[in-house]
Amino acid sequence: MTVAARAAKGAHSITDETVAEHGLNADEYRRLLKELGREPSLTELGIFSVMWSEHCSYKSSRLHLKKLPTTAPWVIQGPGENAGVIAIGDGLAVVFKMESHNHPSYIEPYQGAATGVGGILRDVFTMGARPIACLNALSFGDPKHPKTRHLVSGVVAGVGGYGNSFGVPTVGGSVRFHTRYDGNNLVNAMAVGLAETDKIFYAAASGVGMPIVYLGSKTGRDGIHGASMASAEFGEDSESKRPTVQVGDPFSEKLLLEACLEIMAKDCVIAIQDMGAAGLTCSAVEMGAKGDLGVRLDLDKVPTRETAMTAYEMMLSESQERMLMVLKPEKEKEAEDIFRKWGLDFAIVGETTPDKRFVVRHAGSEMANLPIKELGDEAPVYDRPHSASPRLPVIDPASIEPPMPHADALEKLLSSPDLCSKRWVWEQYDHLILGNTVQRPGGDAAVVRVKEGPKGLAMTTDVTPRYCEADPFEGGKQAVAETWRNLSAVGAKPLAVTDNLNFGNPERPEIMGQLVGCIQGIATACKALEFPVVSGNVSLYNETNGRAILPTPSIGGVGLIDDFTNSASIAFKAADELIVLLGETKGWMGQSMYLREICGREEGAPPPVDLSAERRTGDFVRALINEKVVTAVHDLSDGGLLVAIAEMALASGIGAKLYGPPAFLTEHGFWFGEDQARYVVTIKPAQADDLAVRAKAAGVPIRRIGVTHGAALTLPGERELLLNALRERHEGWLPAYMAGGAS
Amino acid sequence: MKASVVVFPGSNCDRDAAVALEAAMGRPPAMVWHGDAELPKSDLIVLPGGFSYGDYLRSGAMAAHSPVMREVIKRAQAGTPVLGICNGFQVLTEAGLLPGVLMRNATLKFICKDVHLRVERTDTAFTRHYAKREVVRFPIAHKDGSYFADEATLDRLEGEGQVAFRYCETDGRITAAANPNGSRRNIAGVYNETRTVLGLMPHPERLADAALGGTDGIKMFLSLVETLN
C-alpha cells in the first residue's frame with residue numbers, strides 16, 4: 001500500500017505533540033500538509049523534520065549568507081557543495097571546509113569531537129581530494145566551571161584520536177575559554193585536501209535509472225535526530241541526549257577514503273555525497289534535488305548492524321563512515337570489487353527517477369513519497385527580526401591606571417588561559433604525519449608542503465568572540481582580517497576562507513542581530529581583501545538555560561606560498577637584530593586582553609579594523625618575506641605588542657632589549673593595546689635604511705622598538721624578565737590546570 | 001637493494017616510509033598488501049607506523065596474525081633485516097620477533113613531539129652511519145609506546161647489546177625527564193638477538209629531509225642501503 005492510500009484510510013495520525021517533538025513549528029507543519037495534500041506518515045514527518053531543521057536547511061541564515069562574496073578567478077566551487085574548491089596552479093586544487101560539532105561534543109566530548117573531525121574529513125574526500133591537514137577552533141567554558149576540565153580533556157582526545165588514526169596531521173587551531181561557553185562548548189573542525197582540478201566530484205546526480213550505491217559502514221541506531229538536536233537549545237536535561245551522539249570509527253573512515261579515491265581514479269562515479277547530518281535522508285535528497293531528479297530507495301537493501309530497524313530509524317540514523325554514490329552502471333562490478341578489497345559494505349539501495357519524488361520503500365510498503373525539491377533546496381527561509389547591538393563607548397587609554405608593573409602584567413597575560421601555550425593540546429595531535437609539515441603548531445599559521453614542493457599552503461583559524469559580542473560588524477571584519485594577517489605573516493598569499501558561524505537562538509532579535517552584523521562584517525572584509533568565502537556552516541541555538549554563547553564566527557583561511565622554504569616564522573633568528581613594528585599604534589584598550597585579565601574589565605568598543613591599512617600593511621609584509629628582507633615575523637593580536645615580542649623570544653630562546661613608547665602614547669597602550677593591521681618583524685641592522693625607504697613608499701608606518709639580545713626581555717624602567725622563568729609560566733598553566741591544579 | 005613496505009589496512013605512515021626509502025635507495029620500495037601470502041624477494045622489510053586494523057584491540061595484535069606476517073616471520077628467521085617503526089614495532093613484539101611489549105604511555109595520552117635518542121651501538125645494519133653514542137632527534141607520535149619487559153629480560157637485553165636507542169637529554173644523559181612515555185630504562189628501540197630485526201617507537205622517516213627541519217633519520221636508511229647493497 002502507498003503512504004497516500006494509508007493516510008486516506010487514517011492508518012496513523014500525527015498529533016501536535018509528535019510534530020513538536022520533531023522540532024517543527026505549527027506554520028511549518030501547515031506548510032508540510034499543504035505541500036503533501038495529506039497527513040504525513042511518521043517516517044515522512046521524520047524526514048521533513050531533519051531536512052527542515054536549522055542545521056540542514058539554514059532557514060534563519062540563508063537570506064543573510066547571500067551577502068558573502070563567493071567568487072574570484074581562483075574559485076572553482078563556492079558554498080553549496082560538500083566543500084569549497086580553489087585552484088592553486090599546476091592543475092591542483094585545494095578543497096576545504098570547517099564545520100561545527102558543538103552540541104554532540106558537549107554531551108559526549110570524545111565521540112562528539114571525533115565524529116566532528118570524521119565528518120569534515122568525509123566532506124573533503126567526497127569531492128575527490130586526499131586530506132592533507134586538519135585544524136580546529138575550540139571554545140570552552142570558564143576554567144573554574146566544574147565541567148570544563150572534563151570537556152577539554154575529552155574534546156582534545158577525540159580530535160586527536162580520530163585524526164591520528166585516520167592519518168592526517170592536525171597542524172593548527174585555537175583554544176579559548178570564557179564563561180559564556182559554560183554548558184555549550186564549541187568544536188569547529190576544518191579539513192584541507194588536495195585534488196586535481198579536472199577530477200573534482202560533486203553531489204548532483206545526473207541520468208535517470210542510475211544505480212544509487214550505499215558504501216562504507218553499516219547503519220545502526222546511533223545519532224538518530226542528531227540534526228534536530230543541533231537545532232535546539234540545551235536545558236538541564238541535555239545529558240539525557242547522549243544516545244543522539246554518533247560513535248566514530250577512524251579505521252573505517254581511512255578504508256573509506258582509500259576505496260573512494262580508488263574508484264574515483266577508475267572513473268566509476270557520477271555523483272557522491274557523504275552521509276553526515278540526517279544521514280541517508282539528507283544525502284539522498286541532496287543528490288536528487290541538486291540534479292533535478294527523483295530518488296527511489298529500497299531500505300531492505302541497506303546494510304544494518306542492528307536487527308528490526310524501522311524505516312524511520314534507518315532514514316534518520318547518523319551512523320558514521322557512510323557514503324552514497326551514483327555509479328556509472330557499466331562500472332558497478334569494478335567499483336564493488338574495490339570496496340570488497342577494502343572490506344567495506346557495498347549495496348545498491350535505489351535508483352534515480354525522472355519524477356522529482358523521494359520514495360522510500362521498506363518491507364513491501366511505501367514508507368515515504370515526498371516532493372524532493374521542497375525537501376531540499378526549497379526548504380523554508382526566514383527573515384527573522386533582528387536588532388543591532390548597543391554601541392559601546394571608546395575607552396581612553398589615559399583613563400586607565402595600570403594596576404601593576406608592565407613586567408608583571410606580561411607574566412600574568414602569558415600565563416592566562418587564553419594566551420598561555422597550547423602545547424598540551426597540540427602534542428596530543430599527530431601534526432607531522434604524511435611528512436609535509438613545514439611549520440608546526442604554535443606560529444601564526446601552519447605551513448604544509450604541497451606534494452614535493454616548492455609550493456606550500458598556509459592555514460589558520462581565527463576569531464575574537466569578545467570583539468564580536470561588543471560590536472558584531474567590527475568583530476566580523478576583525479575575524480577575517482586576522483585570518484588574512486596570519487597567512488600574510490608566514491609569507492602566503494591569502495586565497496579564500498571557510499566560515500563556521502556559531503551563535504545563540506536566532507529567534508531572539510538581539511542574537512539574530514549579532515548574526516546579521518557579523519555576516520555583514522565578514523562580507524565587507526572578504527570583499528576588501530579579495531578573500532572569498534567558499535564553504536561554511538552555521539550552528540545556531542548555542543544556548544543553555546537561556547544564556548547564549550559569545551558570537552563566534554570562526555574563520556578558516558588558506559593561502560599559497562610559491563616556495564615553502566621562504567616561509568617566515570615567529571622565532572627570533574639571531575642576536576643583535578633590529579625589532580621593528582609595522583602599522584599604526586593608538587593604544588586601543590577597549591575589549592583588550594589587558595583590560596580583561598589585568599584590570600578585570602570586559603568593556604568598551606573593540607578596535608576598529610581599517611581594511612585598506614590591513615591590506616597595505618599585509619601586502620608590504622608579504623613582499624618583505626618573499627624578498628628575504630625580514631628574518632622573523634609575527635602578527636599582533638590578543639595581548640598586543642609585548643605579548644607578540646615575548647612569543648617571538650620564547651620560540652627562539654633569544655631575548656630582547658626594548659625601547660619605550662613615543663610620547664603621545666601611554667605605556668600600557670603601547671605595550672598591550674590591540675590596534676589592528678600590525679606586525680612585528682626583525683631585520684639585520686644593515687637592512688634598516690632600506691626598510692625605512694620601502695615602508696615610506698608603501699605608506700606603512702614603522703617604528704624601531706628594540707634589538708634582539710641575551711636571554712631575557714628588558715623594558716625601560718621594569719625588572720628584567722628571564723626567558724626561562726617566563727617560559728615556565730607560559731608553558732605551565734594548561735598542564736597544571738588539566739592535572740587538577742591552577743584555574 | 002630491494003625493500004618491501006608492508007601495508008596493513010590502517011597503516012598510515014606507509015607513504016612516509018616509502019619516501020624516505022626512495023630517497024636513500026634511489027628507487028621506490030615494493031608496497032605489499034596485508035592479505036598477500038607472498039612477499040616479493042626483499043633485502044629489507046619495513047613495517048610502517050599507523051593503526052593496523054584500527055588497533056581497537058591491543059596495538060599490533062591483529063596485524064601480527066595477518067597472512068603476510070607469517071611470511072615476514074619466516075624471512076626474519078632466515079636473516080632478512082626487518083625494520084618496524086612505531087606501529088611496526090608493536091606488531092613485531094606481538095609477533096614474537098622482538099622481546100617485550102609496548103604499553104599505554106605513562107601520561108595515558110597520545111604524544112607527538114621531537115625527542116632525543118642516544119644511538120647505543122653503531123655496528124649494525126641500521127646504525128652504521130651514526131657516530132658512537134650520537135644523540136639524534138626523531139619525532140614520536142604514539143599512545144602505546146611505553147616499552148616494558150621484566151627485569152630479567154631487560155638485563156639480558158642490555159647484556160647482549162640488544163638495546164638500540166634510549167630516550168636522552170640533548171647531551172646524551174639518560175634521565176627520567178627525557179623519557180616521554182614511561183619506557184623501562186628509557187628504551188626507545190630494541191634489536192633481536194642477531195640484530196637483524198629492529199623495532200623503535202620514534203619515526204626516523206619523519207626527519208629525513210632538511211626542508212622539513214632535520215636529517216637525523218635519513219642516516220638509518222643510508223646505513224641500510226650501504227649494508228645491503
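**Close-up views of a predicted two-chain model**

View 1. A:V580 stands opposite A:V681, the latter lying in β25(A), in a model that is predicted throughout. The two strands concerned, β22 (residues 578-582) and β25 (residues 679-683) of chain A, run antiparallel and are joined by five bridges. They belong to an open sheet of seven strands in chain A, whose order is β23-β25-β22-β26-β24-β27-β28 and whose pairing is mixed. At the edges of this sheet stand β23 (632-635) and β28 (721-722) of chain A, each of which has a single partner strand, so that one side of each is left without a neighbour in the sheet.

View 2. The largest nonpolar core comprises 313 residues, and the members that touch the most other members are A:M51, A:V480 and A:I645. Helix α20 (residues 509-528) of chain A gives the most to this core, with ten residues. When residues up to four places away in sequence are not counted, A:I645 touches A:I579, A:A656, A:L658 and A:V680.

**View 3. The crossing of helices α8 and α9 in chain A.** Helix α8 (residues 109-125) and helix α9 (residues 148-166) of chain A have axes that come within 7 Å of each other and cross at roughly 35 degrees. The crossing in which α8(A) passes α9(A) is right-handed. On the side of α8(A), the residues in contact include A:P109, A:Y110, A:V117, A:G118 and A:L121, and among those that they meet in α9(A) are A:L151, A:G154, A:V155, A:G158, A:Y162 and A:F166. Sorted by class, the residues of the contact of α8(A) with α9(A) are twelve nonpolar and seven polar, with no charged residue.

**View 4. The side of chain A that touches chain B.** Contacts between the two chains involve 22 residues of chain A and 20 residues of chain B. On the chain A side, α9, α11 (250-265) and β14 (437-439) each supply at least two residues. The residues of chain A that touch chain B divide by class into eight nonpolar, eleven polar and three charged.

View 5. A:A265 lies in helix α11 of chain A, whereas A:K266 is found in the loop between α11 and β8 (269-274) of chain A. A:A265 is partly exposed because 13 other C-beta atoms lie within 10 Å, and A:K266 likewise counts as partly exposed, with 14 C-beta neighbours inside 10 Å.

View 6. Nine strands of chain B form an open sheet with mixed pairing, in the order β2-β1-β3-β4-β11-β10-β9-β6-β7. Its edge strands are β2 (30-33) and β7 (135-142) of chain B, each pairing on one side only. With direction ignored, neighbouring strands of this sheet are turned against each other by 25 degrees on average. Helix α1 (residues 14-25) of chain B packs on the sheet, where α1 touches β1 (3-7), β2, β3 (44-47) and β4 (82-85) of chain B, and the direction of α1 makes about 175 degrees with that of β1(B). Elsewhere in the sheet, strand β6 (residues 111-119) and strand β9 (residues 163-167) of chain B pair in the antiparallel sense over three bridges, with B:L117 standing opposite B:Y167 in β9(B).

**View 7. Strand β11 of chain B and its two partners.** Both faces of strand β11 (residues 197-200) of chain B are covered, with B:V197 and B:G199 buried on one side and B:L198 and B:L200 buried on the other. β4(B) and β11(B) pair in the parallel sense over four bridges, and B:I85 stands opposite B:L200 in β11(B). Strand β10 (residues 187-191) of chain B, in contrast, pairs with β11(B) in the antiparallel sense over three bridges, and B:V190 has B:G199 as its bridge partner in β11(B). β10(B) and β11(B) form a hairpin with five residues between them, and B:R195 in the turn has a positive phi of about 55 degrees.

**View 8. Buried residues of helix α5 in chain B.** In helix α5 (residues 218-228) of chain B, the buried residues are B:K219, B:M220, B:F221, B:L224 and B:V225. The elements that cover these buried residues of α5(B) include α1 and β3 of chain B.

Terms used:
Residues numbered from 1 in each chain as written. Chains lettered and ligands numbered in written order. Predicted model: local features only at pLDDT ≥ 70, side-chain atom pairs only at ≥ 80, totals over all residues. Axes fitted to C-alpha atoms, helices over the stretch in contact; angles between N-to-C directions. Left-handed = near helix turned anticlockwise from the far one by under 90°. Contact = placed C-beta atoms within 7 Å. Nonpolar A, V, L, I, M, F, W, Y, C, P; charged D, E, K, R; others polar. Buried ≥ 20, exposed ≤ 12 C-beta atoms within 10 Å, placed from the backbone. Core = buried A, V, L, I, M, F, W, Y, C linked by C-beta atoms within 7 Å. Pairing = 2+ DSSP bridges.
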